[in-house]
Amino acid sequence: MAAIVAVCSFGIWLLTPSPTGKHVEPSAQTVLASALVDPHDPAPEATVGPTETVPAIPSPAPPRRTILIKPRPPVPVISKSPGFITLLGDAQNDAFFYQSSYSNPTGHYGGDWSPRNITNTAEGADLEVRRTPSRSGPFTGAEMKTLKTYGYGRYEVVMRPAKGSGLVSSFFTYTGAYQGTAHDEIDIEFLGKDTSRVHFNYFRKGRRGEFATFDLPFDAAEADHVYAFEWTPDRITWFVDGKPYYSTPAGDKRLPKTAGNIVFNAWTGKPDMQGWHGKPDFESGAAAHYSCVSFSPYGQESRSCSDLFLPQRPIENAPMTADISHIPTR
């Protein structure tokens with residue numbers, strides 16, 4: 001250690017200018033000390049001997065110009081729940097879906113929800129409506145809903161609605177007073193009295209938007225088809241077998257803005273609903289069949305039901321106009 005201190009002290013002494021202001025002839029120690037200097041630091045010209053001059057070490061090159069990239073605006077999100085796909089059936093995850101089990105003394109449903117009316121098979125889930133007396137009326141229905149809520153994105157279902165006057169088969173998003181929010185909703189609905197038609201509907205704060213009903217080129221109760229809607233900040237677009245059928249008007253103020261549960265159910269209503277869905281005239285145990293449900297968040301790509309299912313008869317041309325019909329306010 002003493003030797004290192006002596007060398008360092010000797011090197012510093014050699015680098016100190018003489019009293020006359022002249023540089024001292026460099027020695028081996030001086031060269032060693034100068035090697036410790038950062039070569040990127042600018043340095044004045046150094047002289048070797050009384051006349052010979054060596055060029056100064058050049059300054060480092062200026063840094064490259066930084067190009068600022070304007071960040072993209074964030075994708076609108078009203079729920080952080082991730083995308084998913086489920087084939088229901090035997091592989092159904094009870095921790096993912098809730099099977100409704102409660103009465104409906106108020107509102108438009110004509111019976112209690114009963115988990116006994118849900119049958120899981122290898123091909124999906126059957127949701128039945130039975131003529132079984134309950135606390136809410138002479139019927140029981142079936143309903144499943146996600147435990148999480150979902151916002152902007154694409155919602156898809158592969159289903160066959162129940163057939164028979166008085167029956168309703170639905171796939172929709174919903175949030176309302178039970179969740180402590182305003183009533184926001186987006187629907188795909190079928191009436192069992194005429195399953196060759198599909199109904200599209202939506203609500204914002206309990207106020208219904210410009211709903212529409214379309215004739216289909218098939219009987220929806222006879223085979224599985226893919227039904228979907230895309231919900232974005234500025235519109236909702238509904239699809240049948242991948243073909244767009246209907247979009248909300250531009251600048252619509254009644255678009256939902258609150259994330260909701262994904263719900264699908266089969267039911268019949270109270271007597272005051274018969275003007276819409278018809279008089280209950282169906283066989284007990286009539287069922288709506290659901291074989292796939294998926295959600296893809298807005299701005300993201302994930303597997304969906306349409307990736308797995310091909311309709312038996314693809315629709316060549318979707319209708320351009322809608323037949324507006326009455327849908328009761330909920």
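Analyst: Contact means heavy atoms within 4.5 Å. This is a predicted model, in which local features need pLDDT of at least 70 and side-chain atom pairs count only at pLDDT 80 or more, while totals for chains, interfaces and linings use all residues. Residues are numbered from 1 along each chain as its sequence is written, and side-chain values use heavy atoms, with hydrogens and water left out.

User: Is alanine 286 buried or exposed?

Analyst: Alanine 286 belongs to strand 19; strands (E, at least two residues) and helices (H or I, at least four) are DSSP runs numbered from the N terminus. Beyond residues up to four places away in sequence, alanine 286 touches Leu127, Glu128, Val129, Ala162, Lys163 and Leu167. Buried means under 20% relative accessible area, exposed over 50%, and partly exposed in between, with a 1.4 Å probe and protein chains only. Because its relative accessibility is 13%, alanine 286 is buried.

User: Which backbone oxygen does the side chain of serine 79 reach?

Analyst: Serine 79 sits in the loop between strand 2 (52–54) and strand 3 (84–86), and at a relative accessible area of 16% it is buried. A polar contact is a pair of N or O atoms within 3.5 Å; within protein, one must be able to donate a hydrogen and the other to accept it, and residues adjacent in sequence count only if both atoms are side-chain atoms. A polar atom of the serine 79 side chain lies 3.4 Å from the backbone nitrogen of serine 81. At 2.8 Å, the side chain reaches the backbone oxygen of threonine 149.

User: Which residues touch the most other members of the largest nonpolar core?

Analyst: A nonpolar core is a set of buried Ala, Val, Leu, Ile, Met, Phe, Trp, Tyr and Cys residues joined through side-chain atoms within 4.5 Å. The largest has 47 residues, and strand 19 (residues 286–297) gives the most to it, with 5 residues. The members touching the most others are Phe171 and Tyr227.

User: What is the handedness of the disulfide of cysteine 292 and cysteine 305?

Analyst: A disulfide is a pair of cysteine sulfur atoms within 2.5 Å, and those of cysteine 292 and cysteine 305 are 2.2 Å apart. Cysteine 292 lies in strand 19 and cysteine 305 in helix 4 (residues 305–308), so the pair ties together parts 13 residues apart in sequence. Both cysteine 292 and cysteine 305 are buried. Because the torsion about their S-S bond is about -95°, the disulfide is left-handed.
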